[in-house]
Amino acid sequence: MEVGYRTTVAARWSDMDSFRHINNAAVVTLLEEARIPWLFAPERPTAALADGVFLADLRVRYRGQLVLEDSPVEVVMWISRIRAADFTIVAELRPQGADEADPASVVSHAQLAAVDLENQRIRRLSPAERAYLEEFRRD
């Protein structure tokens with residue numbers, strides 16, 4: 001069984017910078033746009049995270065350029081770590097049609113923590129959330 005969530009995200013003309021590649025800040029937005037349907041869609045066991053989650057840590061490694069013509073950008077994401085209240089997502093971004101054997105243009109690690117907004121504190125992941133995230137776990 002393949003582990004990971006695959007999707008595409010469309011880059012916009014406004015995502016380009018003066019060097020005609022997708023700007024690093026825009027890449028962070030594309031990563032967020034890729035995570036939303038995976039984790040926050042109403043039918044997902046992790047949908048409640050949309051009501052309280054924050055990005056605790058983000059590392060982005062730019063290994064190659066992405067340009068507008070690469071859009072829609074192909075994204076593969078998986079879970080590398082799950083703890084009591086947080087989890088880490090690894091994401092790889094490639095130009096559309098790129099060979100997956102080639103290095104990704106962008107590799108990110110995003111640590112997300114579940115939050116109880118009403119009480120303004122970190123909360124534990126529910127058993128259903130953990131089980132869903134575990135389906136996408138890759139070490």
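Figure 1. The chain exposes about 7,700 Å², of which carbon and sulfur atoms supply 50%; accessible areas come from the Shrake-Rupley method with a 1.4 Å probe, and for residues only the protein chains shown count as cover. This is a predicted model, in which local features need pLDDT of at least 70 and side-chain atom pairs count only at pLDDT 80 or more, while totals for chains, interfaces and linings use all residues. Residues are numbered from 1 along each chain as its sequence is written, and side-chain values use heavy atoms, with hydrogens and water left out. The chain carries 17 positive and 22 negative side chains, and the centres of the two sets lie 6 Å apart; Lys and Arg count as positive and Asp and Glu as negative, without His and the chain ends, and each charge is placed at NZ of Lys, CZ of Arg, CG of Asp or CD of Glu.

**Figure 2. Fold and packing of the chain.** Two helices and six strands make up the elements of the chain, and from the N terminus on they run β-α-β-β-β-β-β-α; helices (H or I, at least four residues) and strands (E, at least two) are DSSP runs. The C-alpha trace spans about 45 × 35 × 25 Å along its principal axes. Of the 139 residues, 42% count as buried, where buried means under 20% relative accessible area, exposed over 50%, and partly exposed in between (1.4 Å probe, protein chains only). Among contacts with a separation of 6 or more, 66% are between residues 24 or more positions apart, a contact being heavy atoms within 4.5 Å.

Figure 3. The closest N and O atoms of D15 and R12 are 3.4 Å apart in a salt bridge, defined as a side-chain nitrogen of Lys or Arg within 4 Å of a carboxyl oxygen of Asp or Glu. D15 is buried, with a relative accessible area of 7%, whereas R12 is partly exposed, at 33%. R12, D15 and E33 are linked in a network of salt bridges, and the count for the chain comes to eight salt bridges.

**Figure 4. The salt bridge of R94 and E92.** In this pair the closest N and O atoms are 2.9 Å apart, and both R94 and E92 are buried.

**Figure 5. The salt bridge of E129 and R123.** The side chains of E129 and R123 meet at 2.8 Å, N to O. E129 counts as buried at 2% relative accessibility, while R123 counts as partly exposed at 23%.
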